[in-house]
Each structure stands twice: as C-alpha cells, then as structure tokens.
Amino acid sequence: MAAPDRRGSRRSVELNSSESTPFSGAQDLAGITDTAIRHGFVRKVFAILGAQLAVTTVIAGLICAHGIEMKRNNPGLVIGMSVASSIMSIAMMFVFICCPDTMRKTPTNYILLGLFTVAESVMVGFVCLQYTAQSVIVCLAITAVVVIALMLFAFQTTYDFTGMMPYFMVMSLCLMGFGMALWIASMFGAAGS
C-alpha cells in the first residue's frame with residue numbers, strides 16, 4: 001500500500017518483476033522483442049478475426065435473407081432475439097472486463113469469444129435489416145478489402161506489423177476501398193443524375 005509522504009501525496013510501491021497486476025499485460029507484450037514471436041501473435045489474432053468475420057457474415061446474411069419474413073410473421077421472436085443478443089453481448093463484455101483471467105484460459109476464452117461473436121452477429125443482422133442491401137454490400141466489401149489486405153500484410157514477415165505502418169495502411173485501404181466502391185457504383189448508374 002502506498003503511504004502518504006510529508007507533502008500529502010502518495011508514493012508508488014515498487015512491484016517485483018514476477019508480480020502480476022491487472023495492467024501489466026501491455027508491459028508483458030512490450031518485452032517481446034523476437035520478431036518471429038510477434039509475427040506469430042499477429043497471425044493468430046488476424047486468423048481469429050477472420051473466423052469471427054466469416055461467422056458474422058453467415059449469421060447476419062441469414063438474418064437479412066429471412067428477417068423480413070420473421071418480422072412480418074413473428075415480431076415477438078425478432079424482438080426477443082434482438083434483446084437476447086444485446087443482453088448476451090453486454091454480459092460477455094462484463095465478463096471480459098471484470099474477469100480478465102477467464103480470457104487467459106484456453107478452452108474458456110474461445111467459448112466466450114464464440115458466444116460474443118454469435119450475439120454480435122445476430123445484432124448486426126437485425127441492424128442490417130434497417131438499411132438497403134446495396135449499402136450493406138458496400139460496407140461488407142470495404143471491410144473485406146481492409147481485413148484481407150491486413151491479413152496478407154500481417155502474414156508476411158518482411159515488415160514489422162507493430163509500428164505505425166498498419167495505421168497508414170488501414171487509412172489508405174479505407175480510402176481506396178470507398179473510392180473503388182463509389183467508382184463501381186457510378187459505373188452501374190448510381191450517380192443520381
């Protein structure tokens with residue numbers, strides 16, 4: 001415990017390097033200097049992200065395909081699914097925030113991440129019902145371009161992915177993807193004139 005000094009402020013207590021605090025995760029990752037280990041970590045993260053996006057696309061696509069009929073035939077089911085997915089997403093966020101040790105246990109963290117992904121996918125599906133199919137497809141295409149390009153960039157080992165380069169790459173990919181989407185839309189008569 002930090003004791004007050006004579007000016008009334010608290011002095012910090014030195015921790016042993018073997019002690020773990022809730023905020024020591026970033027310091028643990030900062031100590032990783034081997035490039036191969038960092039690249040392996042980045043590859044694993046983007047592989048999990050790719051799997052999450054694939055599951056989200058499938059579930060949200062099914063909801064978009066059958067959601068209008070569900071709203072017409074059984075509106076109570078739609079409201080129940082929306083509320084249940086929102087509650088599950090918030091509950092998973094509380095688990096992630098309040099019990100960070102559960103994210104470090106191998107089978108448990110994948111189960112929790114899977115539940116969170118399914119809950120978010122249902123929410124994304126019902127939100128996509130509120131928009132036109134064309135705007136949803138444009139957003140899907142831009143997201144796919146950015147994620148696939150980042151995955152390809154992360155899987156190569158020439159450049160270090162933990163610096164500022166990924167931020168510049170994401171910004172340029174978003175601009176390029178949006179520009180290409182507008183260019184393709186204007187080719188098919190979506191210019192509005």
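# Reading the helices, residue by residue

Student: Why is Val 78 called buried?

Tutor: Val 78 has a relative accessibility of 9%. Buried means under 20%, so Val 78 counts as buried. This is a predicted model, so the value is computed from predicted coordinates.

Student: Where is Val 78 found, and what is it in contact with, leaving aside neighbours within four places in sequence?

Tutor: Val 78 is found in helix α3. Leaving aside neighbours within four places in sequence, Val 78 is in contact with Met 70, Lys 71 and Phe 126. Val 78 and Ile 68 are 10 residues apart in sequence, and their C-alpha atoms are 9.7 Å apart.

Student: What makes Ile 90 partly exposed?

Tutor: The relative accessible area of Ile 90 is 44%. Partly exposed runs between the 20% cut-off for buried and the 50% cut-off for exposed, so Ile 90 belongs there. Ile 90 also lies in helix α3, residues 75-98.

Student: Which surface patch includes Ile 90?

Tutor: A nonpolar one, formed by Ile 90, Met 93, Phe 94 and Ile 97. Together they have about 420 Å² of accessible area. On helix geometry in general: an α-helix has 3.6 residues a turn, so residues three or four places apart point the same way.

Student: How far apart are Ile 90 and Glu 120, in sequence and in space?

Tutor: They are 30 residues apart in sequence and 9.9 Å apart in space, C-alpha to C-alpha.

Student: Why is Phe 41 called partly exposed?

Tutor: Phe 41 has 46% relative accessibility. The value falls between 20% and 50%, so Phe 41 counts as partly exposed. Phe 41 is found in helix α2. Phe 41 and Ala 154 are 113 residues apart in sequence, yet 9.8 Å apart in space, C-alpha to C-alpha.

Student: What makes Thr 117 buried?

Tutor: Its relative accessible area is 7%. The cut-off is under 20%, so Thr 117 is buried. Thr 117 lies in helix α4. Beyond neighbours within four places in sequence, Thr 117 is in contact with Gln 52, Val 55 and Thr 56.

Student: Which other residues of α4 are buried, and what covers them?

Tutor: The buried residues of α4 include Asn 109, Leu 112, Phe 116, Val 122 and Phe 126. What covers the buried residues of α4 includes α2 (35-73), α3 and α5 (133-155).

Student: Which residues of α5 are buried, and what do they pack against?

Tutor: Among them are Ile 142, Val 146, Leu 150, Phe 153 and Ala 154. The buried residues of α5 pack against α2 and α6 (165-187).

Student: What makes Arg 104 and Asp 101 a salt bridge?

Tutor: Their closest N and O atoms are 3.5 Å apart. The cut-off is within 4 Å, so the pair counts as a salt bridge. Both Arg 104 and Asp 101 are exposed. A search of the whole structure finds 1 salt bridge.

Student: How many helices and strands does the chain have?

Tutor: The chain has 6 helices and 0 strands. Buried residues make up 21% of its 193 residues. The chain exposes about 13700 Å², and carbon and sulfur atoms supply 71% of that area. Among contacts between residues at least 6 apart in sequence, 65% join residues at least 24 apart.

Student: Where is confidence lowest, and where highest, among the helices?

Tutor: Confidence is lowest in helix α1 (residues 25-30), with a mean pLDDT of 54, and highest in α3, at 93. Over residues 1-24 the pLDDT is below 50. That stretch has 13 contacts in the model beyond near neighbours in sequence. Where pLDDT is low, the predicted coordinates should not be read in detail. The chain averages a pLDDT of 79, and 78% of the residues score at least 70.

Notes
Residues are numbered from 1 along each chain as its sequence is written. This is a predicted model: local features need pLDDT of at least 70, side-chain atom pairs count only at pLDDT 80 or more; totals for chains, interfaces and linings use all residues. Side-chain values use heavy atoms; hydrogens and water are left out. Patches are made of residues with over 30% relative accessible area and no salt bridge: like charges are joined within 9 Å, nonpolar side chains (Val, Leu, Ile, Met, Phe, Trp, Tyr) within 5 Å. Accessible areas come from the Shrake-Rupley method with a 1.4 Å probe; for residues, only the protein chains shown count as cover. A salt bridge is a side-chain nitrogen of Lys or Arg within 4 Å of a carboxyl oxygen of Asp or Glu. Helices (H or I, at least four residues) and strands (E, at least two) are DSSP runs, numbered from the N terminus. Buried means under 20% relative accessible area, exposed over 50%, partly exposed in between (1.4 Å probe, protein chains only). Contact means heavy atoms within 4.5 Å. pLDDT is the predictor's confidence in each residue, from 0 to 100.
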